[in-house]
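The entries below are in the order in which I looked things up.

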Amino acid sequence: MSRRKKATNEIEDPFPHEPLPTNGHRAEEEVVQPEEVLTEVAPDGPEAVPTTSSARSMAELMAIIEALIFVSAEPLSVKAMAEVLGEDRGWVETAVEALAREFNERGGGLMMREVAGGWQIATRPEYHEYVRAFLRAQPNARLSLAALETLAVIAYKQPITVPEILEIRGVQSTSAIKTLLEKRLIVAKGRKETVGRPMMYGTSKEFLLQFGLKDLSELPSIEDFEDLTAGTET
């Protein structure tokens, strides 16, 4: 009877050398580890959503910015890009500057430039003669010589009134003023505090866009305007 009892006891405890507390500790580790991974992926609080800056490489960000600038009808500001992309403004500005350097070092027919508070892709100045020749062959509504002269006076003398333009040009400019207003190249700048309080006019943002200027400090010389008017006459 004693032998049978001893054999039965040995079968009931086949692993007496491995203590139970060690197994219990391992089970707790296996349960905790998945919870720790989930906590890292989706923690509570404002840091739960990862920033997109870490998700996009510089190369990808530059490619997206190039596409946005290309399809934009107007120069695209860094602020607008940052809002669309959900990126930090400084990070976007760094990418834009890197893209501009890379773009302008290609030596192609296009360039990336900062105009009127934003960025746009435009043709290089050295190829303007060919572009102008192509555009002249296309049906469009070019400015008349009178409108160009009036625009030049306004650009360099703004804000300026119609009587003052008349004094400079020597001819009436009412029709030219109307044309320039319709094309949004000039805007009203308020009234001059003098007899009759005539309206004053100045150039618009559209003017900067059409002439490829960052601001009025980049206005071309009078000689450039003369060349432009000469090209219109031919």
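The notes begin with conventions and then go from the whole chain to single residues.

**Entry 1. Conventions.** I worked on a predicted model, in which local features need pLDDT of at least 70 and side-chain atom pairs count only at pLDDT 80 or more, while totals for chains, interfaces and linings use all residues. Residues are numbered from 1 along each chain as its sequence is written, and side-chain values use heavy atoms, with hydrogens and water left out.

**Entry 2. Whole chain.** I found eleven helices and five strands in the chain. These elements are DSSP runs numbered from the N terminus (helices: H or I, at least four residues; strands: E, at least two). Of the 234 residues, 26% are buried; buried means under 20% relative accessible area, exposed over 50%, and partly exposed in between, with a 1.4 Å probe and protein chains only. I then looked at contacts (heavy atoms within 4.5 Å). Among contacts with a separation of 6 or more, 48% are between residues 24 or more positions apart.

Entry 3. I looked up strands S1 (residues 110-115) and S2 (residues 118-123), which run antiparallel and are joined by six bridges. Two strands count as paired if DSSP finds at least two bridges between them. Met 112 has Ile 121 in S2 as its bridge partner. Two residues separate the strands of this hairpin, and Ala 116 in the turn has a positive phi of about 50°.

**Entry 4. Helices H3 and H4.** I took the axes of H3 (residues 58-71) and H4 (residues 78-85), which come within 11 Å and cross at roughly 115°. Axes here are lines fitted to C-alpha atoms, for helices over the stretch in contact, with angles from 0 to 180 degrees between N-to-C directions. H3 contributes Leu 61, Ile 64, Ile 65, Leu 68 and Ile 69 to the contact, and H4 contributes Met 81, Val 84 and Leu 85.

**Entry 5. The open sheet.** I traced three strands in the order S3-S5-S4, with antiparallel pairing. S3 (160-161) and S4 are the edge strands, each pairing on one side only. Four bridges link S4 to S5 (residues 199-203), and Arg 191 stands opposite Met 199 in S5. H7 packs on the sheet and touches S3, S4 and S5, its direction making about 90° with that of S5.

**Entry 6. Nonpolar cores.** A nonpolar core is a set of buried Ala, Val, Leu, Ile, Met, Phe, Trp, Tyr and Cys residues joined through side-chain atoms within 4.5 Å. The largest has 22 residues, of which Leu 143, Leu 151, Ile 154, Leu 180, Ile 186 and Phe 207 touch the most other members. Helices H7 (145-157), H9 (174-182) and H10 (205-211) are the elements that give two or more residues to this core, and H7 supplies the largest share, six residues. Apart from this core lies another, of 18 residues, among them Met 62, Val 78, Leu 85 and Val 92.

**Entry 7. Lys 189.** Leaving out residues up to four places away in sequence, Lys 189 touches Gln 158, Pro 159, Met 200, Tyr 201, Gly 202 and Thr 203.
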